[in-house]
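Here is a short briefing to read beside the model.

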2 protein chains.
Amino acid sequence: MIDKLEFLLALAREKHFGRAAEACGVTQPTLSAGIKQLEESFGVLLVNRGSRFQDFTPEGERVLDWARRIVGDARAMRQEVHALKHGLVGRLRIAAIPTALAMVETLTTPYRARHPDVQFTILSRTSLEILTHLENLEIDAGLTYLDNEPLGRVTAVPLYRERYRLLVAADAPLGDRDAVTWAEVAKVPLCLLTPDMQNRRIIEQLLRDTGADPHITLESNSMILLYSHVRTGRWASVMPQRLAATLGLTDTNMLRAIPIVEPEASHTIGLVAPAREPMTPLTAALVAEARRVAPTLMD
Amino acid sequence: MIDKLEFLLALAREKHFGRAAEACGVTQPTLSAGIKQLEESFGVLLVNRGSRFQDFTPEGERVLDWARRIVGDARAMRQEVHALKHGLVGRLRIAAIPTALAMVETLTTPYRARHPDVQFTILSRTSLEILTHLENLEIDAGLTYLDNEPLGRVTAVPLYRERYRLLVAADAPLGDRDAVTWAEVAKVPLCLLTPDMQNRRIIEQLLRDTGADPHITLESNSMILLYSHVRTGRWASVMPQRLAATLGLTDTNMLRAIPIVEPEASHTIGLVAPAREPMTPLTAALVAEARRVAPTLMD
DNA sequence: ATCATACGATAGAAAACACCTATCGATATG
DNA sequence: CATATCGATAGGTGTTTTCTATCGTATGAT
């Protein structure tokens, strides 16, 4: 039964019987049969298919919702029992938005000190991807914006507030200022993340709110790429202050990190984890760690 | 997997492999094998047994906790999908403490008007039994005291407050009074419920608090039995006012229902249901009904 | 229109699994 | 010490699961 529900979850992820089967480690007929068995046991069609996967029926969506919960609970149960015997062992899968990647360390370092046998997989993802991956049980926790898009069924722990700075060479236009307005920033050619990133959309919105039409010279989904450009002092960018500090971009002779005002925008970033009660022990420990370090990060 | 968890739940209920197997509709070796498979899959012993069932290991208790949730969710899922197709159909299992039995009608009657295809099984149980049966998924909801013993993981809807009256013949001692004190009641021989009922313990405590040693002439776990005795006018009892009214005991020529004061004791009675989110559709509808009628019952 | 391709359903065989009956061994009970 | 009770074990049987191979259909390209 639970295996069949896993089939259904895989199908929801992959939207493709063959790939879903592969993800589950079974052949396509096996997965097809599994889905059909679910349908027969419920007496309802769950998947609309016409020679290929189309989508889920309303009933299918409901079952999917339950399946996420039941499968998640089953995994949490296994993990908890295992932890009772062997302590906290396993792999924690975390996803973070690019601008928060540098902050993951503030969680993982103390976590590892407490639980040295836990391994980490940390992925760079968009805020939307983080939420869907949380839903699909593909990650255990995420680091993302808490106050913008609706989060869904998650527990959130606020960690810090993202405030924006203009990173620019000291001898470039605006480079001598103690503060700049968004209207002024909008006139400078910028390196930013790609538009699928919420950070980019936030910044672009702030720029547009001034009435200007911002000019994005260079965009990338990789912070390393933006970093390497900005560090030369020949490119400007808008970055969260804390991130720029972590990257050492505020300490160079060439570069200045200038507070941007009017409005003094900020967004809360925090840890999100599935709203399961109780959580898996690994995740619970991460949330505990987050609550512990949050006071040292929030202002 | 889920079937095995059901085995475990049955074993927790019956504390006996053979009876648990019978309850699950399988033979004892099958159930034994199922438990053993769970143990092997977790790599931990779940049940302490030495030639017979003893108890659950700590790990077993944890698994049991998860099993309750997972099995409950699986059932809720089935019911919800079924309800999507066929509307609210099925059987609602309710347990109520004896003094609340007469109030069940205030929920079931409007419920049935809304959902005529739902059948009911209503059992008379002690407040403790109600809570364990809720835990074990043997009932869908209960009617019991909300403000005395700890309730556990349930959602509670207060329905009404139980206040106490002395039921006594008009020509008996105290029969002419407009109000009596608990101290006075303590001197009258009474018919009450058996001591496993919380109502009995509540009333007896109130009587003892006066310093007296109450005299219980007759006790029973059946309200019908108490009713038939009290109705003759030859026996006295202490009953919740609302119950006495429902039974018509306050309208006879012979009998009087006298408010008991000093202290003016009262206890909240309400609907309890498993704290599952979302609930099964049948249970959710019952809780909704309770919230609807509560204002008409509470004072 | 025709062909090629991708996708999911179906058929049939082999393997795995679950469940049963019968029985054993151990431990309480008289 | 005899007996009954309980749960584990053994062995056999029927079902279920899963595999490989193939089919039918829709889609897209030529």
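B:Val185 sits in helix α7 (residues 182-185) of chain B. Helices (H or I, at least four residues) and strands (E, at least two) are DSSP runs, numbered from the N terminus. This is a predicted model: local features need pLDDT of at least 70, side-chain atom pairs count only at pLDDT 80 or more, and totals for chains, interfaces and linings use all residues. Residues are numbered from 1 along each chain as its sequence is written, while chains are lettered from A and ligands numbered from 1 in the order in which they are written.

**Around B:Val185**
- B:Val185 counts as buried because it has 24 C-beta neighbours inside 10 Å. (Buried takes 20 or more other C-beta atoms within 10 Å, exposed 12 or fewer, partly exposed in between; C-beta atoms are placed from the backbone.)
- Not counting residues up to four places away in sequence, B:Val185 touches B:Leu166, B:Val180, B:Leu207, B:Val238 and B:Ile260. (Contact means C-beta atoms, placed from the backbone, within 7 Å.)
- B:His215 is 30 residues from B:Val185 in sequence, and the two are 9.8 Å apart in space, C-alpha to C-alpha.

**Helix pair in chain A**
- Helix α1 (residues 2-14) of chain A packs with helix α2 (residues 17-24) of chain A at an angle of about 125°, their axes 8 Å apart. (Axes are lines fitted to C-alpha atoms, for helices over the stretch in contact; angles run from 0 to 180 degrees between N-to-C directions.)
- That angle makes α1(A) oblique to α2(A). (Under 35 degrees is roughly parallel, over 145 roughly antiparallel, 65 to 115 roughly perpendicular, and the rest oblique.)
- From α1(A), A:Glu6, A:Phe7, A:Ala10, A:Leu11 and A:Glu14 meet A:Phe17, A:Arg19, A:Ala20, A:Ala23 and A:Cys24 of α2(A).
- By class, the residues of this contact are seven nonpolar, no polar and three charged. (Ala, Val, Leu, Ile, Met, Phe, Trp, Tyr, Cys and Pro count as nonpolar, Asp, Glu, Lys and Arg as charged, and the others, Gly among them, as polar.)

**Buried side of α2(A)**
- A:Phe17, A:Ala20 and A:Ala21 are the buried residues of α2(A).
- They lie on the same side of α2(A), because they cover an arc of only 100° around the axis. (The arc is that of the directions from the helix axis to the C-beta atoms.)
- They pack against α1, α3 (28-42) and β2 (53-56) of chain A.

**Contact between chains A and B**
- Chain B gives 20 residues and chain A gives 20 residues.
- On the chain B side, helix α4 (residues 58-86) of chain B gives the most, with 15 residues.
- That side has twelve nonpolar, one polar and seven charged residues.

Technical notes. Two residues are in contact if their C-beta atoms, placed from the backbone, lie within 7 Å.
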